[in-house]
There are 2 protein chains.
Amino acid sequence: MKLLQEKIQKEGIVLSEEVLKVDSFLNHQVDPHLMQAIGMEFAERFRADNITKILTIESSGIAPSVMAGLELGVPVIFARKRASLTLNNNLLSAEVKSFTKKETNTISVSGDFISSGDKLLIIDDFLANGQAALGLLDIAEKAGAEVAGIGIVIEKGFQQGGRLLRDRGVRVESLAIVDGLQDGRVTFRKEENTL
Amino acid sequence: MKLLQEKIQKEGIVLSEEVLKVDSFLNHQVDPHLMQAIGMEFAERFRADNITKILTIESSGIAPSVMAGLELGVPVIFARKRASLTLNNNLLSAEVKSFTKKETNTISVSGDFISSGDKLLIIDDFLANGQAALGLLDIAEKAGAEVAGIGIVIEKGFQQGGRLLRDRGVRVESLAIVDGLQDGRVTFRKEENTL
């Protein structure tokens, strides 16, 4: 997605060969027009799949997901990373390992909102080691729901998540795939969409 | 806001005389069309105020804020409730007391994205004791930014937050004000907008 690649080139900050900071439009400050364009792109790619719900994870997955949900006319559910006062029964949970923070978190979704009749589009902001996506797939499976695919805003193509998911036969649609963060520069994979 | 009141009546679950659960369209599952209507309503009420940025707090403030930002053509910044790997310098922070969880959290915003030239619209999902709103006002003040007002999706009018903020001269626009949660029923204040 050209608009997204341009935004990353212009505003992304390469913190190391592994970390790309996009706090100015996705992870802290959010650009609503870009989110709308991203939502429309996800909707376009999954329009034929009869998606019934979008499943994402707080917090940075929410903005692109809500825009995609608006475009597809379906609700969005965001998995919680921490316990909530009112989210306390009929929970579907999964463990998510964080390599960077070296900790394991439990993510949860209420079983009230996903069922075996659902066809889910999973959306997340970043795909790195794939642990969050695997956790969301795990939750979908526990609910007995079908997963049409995973929409990712920025995939770090040099980390294992993309391969891991695609090897499992999961359809992954990444709007930008970063292949390298060498010398402070962002290098994109030529093909945006590699199934 | 009639559409919102109807949604609360239809789907809101009264857990106690103090707790209203709206997990089916705002706090866990999110209704994108309702969020768009809410965003448009906030935009309408603050259209004349030359807002430059929207300041909100993760996670449930994000969806209505991004829709309002889209309508007003301004970026959204969401305050973080926990430390982030990449959010680590030039931080503006505030303490937020939670009465229900009986704990105090630090919320943070990067000073890179708010400055003295900004005129902020603060948006949040719920207004109860007003502690989150006060924290966001504190952050705005630390940045030297002006605050045009606070937009709230659901105000619990029987708790002190609304009075606290309005007594300080802050403009508070609540799209629905719940005056009571007695006998499992939601009672709304007649006037939706009490300055």
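1. Let's start with a loop. D183(A) lies in the loop between β10 (172-180) and β11 of chain A. Have a look at the backbone here: D183(A) is not a glycine, yet its phi is positive, at about 50°. Most residues other than glycine have a negative phi. Please keep in mind, here and below, that this is a predicted model.

2. In chain A, E58(A) and S59(A) are joined by a cis peptide bond, with omega about -5°. S59(A) sits in the loop between β4 and α3 of chain A. In chain B, the bond from E58(B) to S59(B) is cis too, with omega near -5°, and S59(B) is found in the loop between β4 (53-57) and α3 (62-72) of that chain. Most peptide bonds are trans.

3. Now for the sheet. Which strands make it up, and in what order? Seven strands form an open sheet in the order β11(A)-β10(A)-β9(A)-β8(A)-β4(A)-β5(A)-β3(B), with mixed pairing. The edges are β11 (187-188) of chain A and β3 (29-30) of chain B; each has a single partner strand, so one side of each is left without a neighbour in the sheet.

4. Strands β4 (residues 53-57) and β8 (residues 119-127) of chain A run parallel and are joined by three bridges, with L55(A) opposite I122(A). By contrast, β5(A) and β3(B) run antiparallel, joined by two bridges, and here V76(A) stands opposite V30(B). Strands of a sheet pair through backbone hydrogen bonds in either arrangement, parallel or antiparallel.

5. Next, find helix α3 (residues 62-72) of chain A. This helix lies across β4, β5 (76-79), β8 and β9 (146-156) of chain A together with β3 of chain B, and runs at about 175° to β4(A).

6. Finally, how do the two chains meet? The contact takes 46 residues from chain A and 46 residues from chain B. Between them the chains bury about 3,700 Å², 62% of it on carbon and sulfur atoms. H28(A), L70(A) and R82(A) supply 19% of the area that chain A buries against chain B, more than any other three residues.

7. How many salt bridges are there between chain A and chain B? The count is zero, while 13 residue pairs are in polar contact across the interface. On the side of chain A that touches chain B, α3(A) gives the most, with six residues. By class, that side has 21 nonpolar, 17 polar and eight charged residues.

Methods:
Residues numbered from 1 in each chain as written. Chains lettered and ligands numbered in written order. Predicted model: local features only at pLDDT ≥ 70, side-chain atom pairs only at ≥ 80, totals over all residues. Heavy atoms only, no water. Pairing = 2+ DSSP bridges. Helix = DSSP H or I, 4+ residues; strand = E, 2+ residues; numbered from the N terminus. Contact = heavy atoms within 4.5 Å. Axes fitted to C-alpha atoms, helices over the stretch in contact; angles between N-to-C directions. Buried area = accessible area lost by both parts, 1.4 Å probe. Salt bridge = Lys/Arg side-chain N within 4 Å of Asp/Glu carboxyl O. Polar contact = N/O pair within 3.5 Å; in protein donor to acceptor, adjacent residues only side chain to side chain. Nonpolar A, V, L, I, M, F, W, Y, C, P; charged D, E, K, R; others polar.
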